[in-house]
Amino acid sequence: MTMTTSDRSAGSDSDTPHFEPSRVLRLVARATVAYRHVFAASRAAPWLSRPKPVRNWGFDRDLIVAEVRTEAADVVSLKVVSPDGRDLPSWIPGAHLDLILPSGKQRQYSLCGDPDDLSSYRIAVRRIDTGLGGSIEVHDSLRAGTSITVRGPRNAFPLVAADSYLFVAGGIGITPILPMLKRCHDRELPWRLVYLGRSRATMPFLDDLARYSRGQVEIRPDDELGPPDIAGIVATASPGAAVYMCGPTPLMTTARRVMREIDPTGSLHTERFSPLPVADGREFEIHLARRGTTVSVGPDETALAAIRREVPGVAYSCQQGFCGTCRVRVLAGEVDHRDRILTHNEKEDSMLICLSRSAGGSLVVDL
Ligand code: FES
């Protein structure tokens with residue numbers, strides 16, 4: 001288990017093994033103390049040092065929950081509106097919102113309403129009692145009239161042009177798919193949906209799907225039809241079709257594998273909101289210059305996850321290196337950049353903490 005420096009210092013001196021810092025580490029420590037004095041703690045700090053702006057893809061906005069509806073067992077939808085009643089920024093199918101919950105937790109949810117109706121946004125949340133508490137907070141504390149901060153919309157799951165579409169949704173994974181169906185329907189594009197779930201009672205938005213023809217929508221609850229044959233479902237996609245899939249990780253992993261076997265040139269589009277697993281991770285330390293603390297990053301976790309233990313409100317969104325929200329300025333150390341969006345110049349002095357790591361030794365960042 002990894003710990004922050006402040007956790008470690010809770011031990012008594014007699015428990016602490018003798019440690020002689022290297023010359024480089026002493027220089028880094030002196031530099032960060034000097035940085036803190038001048039750029040973070042002095043009266044001139046607000047003028048000398050401003051946080052590095054991140055990409056301007058969506059920004060924080062305070063909205064009001066207008067309606068909370070039960071959509072299925074353990075699933076509620078939330079309709080949020082602007083407090084002044086004005087239209088909200090436009091979005092396209094596949095977009096998601098970051099919700100900044102009253103506790104400070106941030107969670108991403110797909111927009112599942114009508115992209116042509118900007119009077120409100122709709123999201124849906126399944127309660128996961130064994131999760132990290134975000135969905136429980138949504139279910140237990142958000143009510144009509146509650147103020148909520150959102151960031152976005154952003155889109156990492158856009159609807160590409162294709163001859164036809166096969167949509168496969170598992171449970172709450174129907175949310176990003178719903179606006180895509182409407183868009184395809186309005187444009188008279190050929191499409192079909194296979195909607196999977198444990199039982200009809202657990203599958204949200206069955207009413208929304210009733211408007212489409214039976215030939216287009218196949219509802220497949222496990223308790224009626226048994227476990228789904230993912231390879232068989234993927235194989236029904238016409239040549240040239242784009243296959244969109246959203247649901248539990250095993251569903252998408254299987255689809256990726258069978259898609260390679262069935263149609264190696266096919267186009268499979270999946271969405272995930274969880275961080276990508278860390279590959280070839282080594283433990284390292286990040287010093288947070290403004291706070292004067294050091295965070296230890298374990299081999300299997302991201303720098304973002306480790307920093308969030310010390311700074312729960314640190315900005316992030318996609319956790320997959322495409323939105324740029326988690327970009328921070330690097331003051332010292334060599335970065336192993338694992339993203340594909342920062343330019344060469346941007347990599348000179350910043351990093352995306354949701355993916356990138358140390359290339360060796362400690363890092364010092366402007367947090
Ligand atoms: S959170 Fe989106 S790039 Fe890091």
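Reader: Leaving aside its neighbours within four places in sequence, which residues is tyrosine 165 in contact with?

Author: First, the basis. This is a predicted model, where local features need pLDDT of at least 70, side-chain atom pairs count only at pLDDT 80 or more, and totals for chains, interfaces and linings use all residues. Residues are numbered from 1 along each chain as its sequence is written. Two residues are in contact if their C-beta atoms, placed from the backbone, lie within 7 Å. On that basis, tyrosine 165 touches Cys184, Leu189, Trp191, Ala241, Ala242 and Tyr244.

Reader: Which residues touch the most other members of the largest nonpolar core?

Author: Start with burial. A residue is buried if 20 or more other C-beta atoms lie within 10 Å of its own, exposed if 12 or fewer, and partly exposed in between. A nonpolar core is a set of buried Ala, Val, Leu, Ile, Met, Phe, Trp, Tyr and Cys residues joined through C-beta atoms within 7 Å. Here the largest core has 55 residues, and Ile123, Tyr165, Phe167, Val168, Ala169, Ile177 and Val243 touch the most other members.

Reader: Where does this core lie?

Author: Domain bounds come from an automatic or database domain assignment. Domain 2 (59–155) and domain 3 (164–270) both contribute residues, so the core lies between them. Another core, of 25 residues, lies apart from it and includes Val297, Val328, Val335 and Leu352.

Reader: How do I read the sheet of six strands, and what is its order?

Author: Strands of a sheet pair through backbone hydrogen bonds, either parallel or antiparallel. Helices (H or I, at least four residues) and strands (E, at least two) are DSSP runs, numbered from the N terminus. Two strands pair if DSSP finds at least two bridges between them. This sheet is open, with antiparallel pairing and the order β4-β3-β6-β1-β2-β5. β4 (106–110) and β5 (121–126) are at the edges with a single partner strand each, so one side of each has no neighbour in the sheet.

Reader: How many bridges join β3 to β4?

Author: Five, and the two strands run antiparallel. Leucine 97 has tyrosine 109 in β4 as its bridge partner.

Reader: Which strands does helix α4 touch?

Author: Axes are lines fitted to C-alpha atoms, for helices over the stretch in contact, and angles run from 0 to 180 degrees between N-to-C directions. Helix α4 (residues 134–141) packs on the sheet and touches β2 (75–81), β4 and β5. The direction of α4 makes about 115° with that of β5.

Reader: Is alanine 279 buried or exposed?

Author: Alanine 279 is exposed, with 6 other C-beta atoms within 10 Å. Alanine 279 sits in the loop between β11 (267–270) and β12 (284–288).
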